[in-house]
Amino acid sequence: MKHSIVRFCVVSSFAVFLAGCVVPSMQPFYTPDAVLNTQEITGTWCWSNGKHIGPWEFGWDIVNRGDYDAPGAISVKYFKVGDDLFMDTTARKLDEKEVSIYWAMHTVPVHLVFKVLKDEDKVRLIPLNHDNLKAMVVTGRVSLSCVRVENDLLFTGTSEQWMSFLQRHKNDDKLFPANTAMEFVPYVAASDIAEKDGVAFASG
């Protein structure tokens, strides 16, 4: 088997932080016509609550430059549903020199989706909530193709089905609860931090 035809992935940092909360899909959450050919979030950011070591570099990929041992970047596609901005993420193919081919064969590439709220000095990424979506699927309020993996659901529906679902439910606060948002602020390196009268601030 040629290594080049095997798609590798690692568990993304997002999935590690939000295990049990995100909705994994085998297919992208977007259709090609909805994709934006612009980098909606760029630059270097960090978590606003000080958790999860940074910095995080945003562009066509998202790369965490903190103290995590697992290599690899997260590939990003920005897309719109109506006027609302969303972000689909999946693990980018790894350099085969960085990970065992046999380990990689046991991983499954999945897509995650986040609602994106941004202004000049803050970015909030709200994941589609797994537990609340699962409750809707189990009770028949939503029909989406999926398989059960232990106590969770792995979704197998098409991108077209996801776009239709997001169009109907993009403003549902239970599916995109604000209290699960990942909030980022511009990163300031330690070397750029000054202190005056006991108060830290960005120098320059």
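Predicted model: local features only at pLDDT ≥ 70, side-chain atom pairs only at ≥ 80, totals over all residues.
1. Overall content. The protein chain has 204 residues, of which 41% are buried. Its secondary structure amounts to four helices and twelve strands. Of the contacts between residues at least 6 apart in sequence, 62% join residues at least 24 apart. The chain exposes about 11,500 Å², and 50% of that area is supplied by carbon and sulfur atoms.

2. The barrel. Eight strands close into a barrel, in the order S1-S2-S3-S4-S5-S6-S7-S10, with antiparallel pairing. From one strand to the next, the twist averages 35°.

3. Strand S5. This strand covers residues 84-91, and eight of its eight residues are buried, so S5 is largely enclosed by the rest of the structure. In a regular strand the side chains alternate between the two faces of the sheet. In S5, Asp84, Phe86, Asp88 and Thr90 point one way, while Leu85, Met87, Thr89 and Ala91 point the other way. Both sets are buried, the two aspartates Asp84 and Asp88 included.

4. Neighbours of S5. On one side, strand S4 (residues 74-81) is joined to S5 by eight bridges and runs antiparallel to it. Val81 has Asp84 as its bridge partner in S5. The two strands form a hairpin with two residues between them, and Gly82 in the turn has a positive phi of about 65°. S5 also pairs with strand S6 (residues 112-119), again antiparallel, through four bridges. In that pairing, Thr89 stands opposite Leu112 of S6.

5. From S6 onward. S6 pairs with strand S7 (residues 122-127) over six bridges in the antiparallel sense. Lys115 is placed opposite Ile126 of S7.

6. Helix H4. Residues 159-169 form H4, which lies across S4 and S5 and runs at about 55° to S4.

7. Helix H3. Among residues 130-138, which make up H3, the buried ones are His130, Leu133, Lys134, Met136 and Val137. Seen down the helix axis, these buried residues fall within an arc of 160°, so they line one face of H3. What do the buried residues of H3 pack against? They pack against strand S8 (146-149), strand S9 (152-155) and H4. Just after H3, Gly140 takes a positive phi of about 85°.

8. Trp60. This residue is in the loop between strand S2 (56-58) and strand S3 (61-64). Is Trp60 buried or partly exposed? Its relative accessibility is 46%; exposed would require over 50% and buried under 20%, so Trp60 counts as partly exposed. Leaving aside residues up to four places away in sequence, Trp60 touches Asn37, Thr38, Gln39, Ile74, Ser75 and Val76. Of these, Ile74 is 14 residues from Trp60 in sequence, and their C-alpha atoms are 8.8 Å apart.

Methods. Residues numbered from 1 in each chain as written. Heavy atoms only, no water. Buried < 20%, exposed > 50% of the residue type's maximum accessible area, 1.4 Å probe, protein only. Contact = heavy atoms within 4.5 Å. Areas by Shrake-Rupley, 256 points an atom, 1.4 Å probe, with all protein chains shown as cover. Pairing = 2+ DSSP bridges. Axes fitted to C-alpha atoms, helices over the stretch in contact; angles between N-to-C directions. Arc of directions from axis to C-beta.
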